[in-house]
Amino acid sequence: MDLTPTADQEAFRLECRRWLQENLPWEYGRGLPPLFDDLGEEVAYLRKWQADLAEARFVGVSWPEEYGGRGAGPLHHYIVQEELARARAPELVGRIGVNLIGPTILVHGTDEQKQRWLPSILPAQQLICQLFSEPDAGSDLASLSTQAVPAGGGWRLSGQKVWTSYAQFADWGLCLARSHPVEPEHRGITAFMVDMHAPGVDIRPLRQITDESDFNEVFLNDVFVAYDQVIGEPGNGWRVSQSTLGVERGTNPRQLVIHLQLLDELFRLATETGRNQDPVIRQALAQAFIEVRLFQLQNWRVLSRLAHGLDHGPESATAKLFWSEMSQRLHETAMEVLGPAAPLWRDDSQNPGEGRWQRSWLYYRAATIFAGTSEIQRNIIGERILGLPREPR
Ligand SMILES: Cc1cc2nc3c(=O)[nH]c(=O)nc-3n(C[C@H](O)[C@H](O)[C@H](O)COP(=O)(O)OP(=O)(O)OC[C@H]3O[C@@H](n4cnc5c(N)ncnc54)[C@H](O)[C@@H]3O)c2cc1C
């Protein structure tokens with residue numbers, strides 16, 4: 001693994017760093033991002049931020065230039081992620097489109113489809129959601145039951161999706177539906193771009209333990225989807241979904257950014273509260289540092305594979321398992337550091353961080369579920385890396 005930066009990569013890093021120094025909203029630089037009254041307000045604010053970042057062409061740098069990227073390689077993409085972490089910049093609100101659905105359309109979409117959807121994704125002019133999971137199809141996605149029935153000029157979709165992040169703000173969703181019911185499970189699925197404002201789309205936000213509603217139930221009641229909204233060939237949706245899930249479970253620069261920032265915040269919190277003097281806390285802080293560093297090295301190893309034209313490799317399962325469990329340990333350490341303030345919520349002067357840590361601690365309970373549960377990652381590691389017998393079906 002040789003990741004010595006070239007002169008061009010160093011220059012790009014400086015360009016990105018300088019831009020962030022000049023343009024990042026000051027609250028973020030201080031490590032105290034604004035607390036919004038509701039998610040809608042936050043999404044509107046973050047759309048504007050993503051639009052600015054995209055205008056400077058620091059979103060989707062590996063996308064082709066004609067769709068707003070720079071046609072750059074994976075190393076440039078990583079450089080941006082590291083600089084965003086260093087500057088404590090906010091997450092991309094359009095990350096599902098930028099990181100998952102856009103790359104899927106790049107692989108499987110026609111030229112017209114690319115022209116239609118891609119240019120609006122990087123500047124967050126349109127937000128995209130992922131309509132895969134159903135109440136009875138999560139880990140076993142191929143058993144999904146949303147139906148697609150041929151109709152004049154296209155298809156009609158009926159069924160229920162669940163856990164659809166940001167569906168209430170999305171303009172489009174990439175939806176998997178069963179179009180060929182007589183075919184075996186994996187072969188009878190088609191991928192559709194669904195207009196989230198179309199008649200028959202009913203979005204119901206789910207209330208979470210954080211008192212927020214990031215994700216939703218989405219009911220599709222006889223929703224019409226035209227032929228030109230099919231991504232890939234009809235009946236070939238499983239292949240399309242594997243591109244999306246491959247990116248989701250492959251490298252994870254987004255989680256690397258988040259955890260580099262969290263580690264920084266954790267050390268600051270421990271220093272400000274004086275809890276860094278406690279020998280037990282010091283051990284936990286050292287452990288958190290080691291684990292985030294290991295995660296960074298793991299990311300670099302995958303990056304090195306990508307830079308040499310190889311794919312992610314089966315280690316993406318170990319990476320997902322590692323970061324999600326690491327994250328929960330890091331948040332437990334944060335709660336230890338907060339000590340008696342840990343049970344407090346946001347509006348309390350005795351609460352360092354004004355509840356951000358508590359919110360994040362609750363949110364990261366989900367890390368071992370989304371993008372493939374820990375049990376599923378262990379199955380993959382057992383079967384594909386260790387060569388153990390396959391789980392009986
Ligand atoms: C925060 C969050 C955001 C999400 N966002 C989206 C989104 O935007 N779009 C979307 O489509 N989905 C989304 N999901 C859904 C996510 O992909 C599913 O929750 C996940 O795939 C697990 O499916 P499930 O919840 O149906 O659990 P199940 O598959 O029903 O699993 C239940 C339990 O059984 C275990 N289990 C299942 N199968 C096996 C097996 N073969 N061997 C051993 N153990 C097994 C699981 O590990 C788990 O502990 C999101 C989930 C979360 C938590």
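Visitor: How do strand β2 (residues 147–151) and β3 pair, parallel or antiparallel?

Guide: Strands here are DSSP E runs of at least two residues, helices are H or I runs of at least four, and both are numbered from the N terminus. Two strands pair if DSSP finds at least two bridges between them. In this structure β2 and β3 pair in the antiparallel sense, over 5 bridges.

Visitor: Where do the numbers come from?

Guide: Residues are counted from 1 along each chain as its sequence is written. The model is predicted, so local features need pLDDT of at least 70 and side-chain atom pairs count only at pLDDT 80 or more, while totals for chains, interfaces and linings use all residues.

Visitor: Which domains is the chain divided into?

Guide: Domain bounds come from an automatic or database domain assignment. Here they give domain 1 (7–93), domain 2 (128–238) and domain 3 (250–385). Residues are in contact if their C-beta atoms, placed from the backbone, lie within 7 Å. By that rule, 11 residues of domain 1 touch 12 residues of domain 3.

Visitor: At what angle do helix α4 (residues 74–87) and helix α9 (residues 279–307) pack?

Guide: Axes are lines fitted to C-alpha atoms, for helices over the stretch in contact, and angles run from 0 to 180 degrees between N-to-C directions. For α4 and α9 the angle is about 150°, with the axes 9 Å apart. That makes α4 roughly antiparallel to α9, a label for angles over 145 degrees. P74, L75 and Y78 of α4 meet L303, L306 and A307 of α9.

Visitor: How many residues surround the ligand?

Guide: There are 18, and the closest are F132, G138, S139, T373 and E375. Elements giving two or more residues to this shell are β1 (128–131), β3 (154–165) and α12 (374–385). Domain 2 and domain 3 each supply at least three residues to the shell.

Terms used
Near = placed C-beta within 6 Å. Contact = placed C-beta atoms within 7 Å. Parallel < 35°, antiparallel > 145°, perpendicular 65-115°, else oblique.
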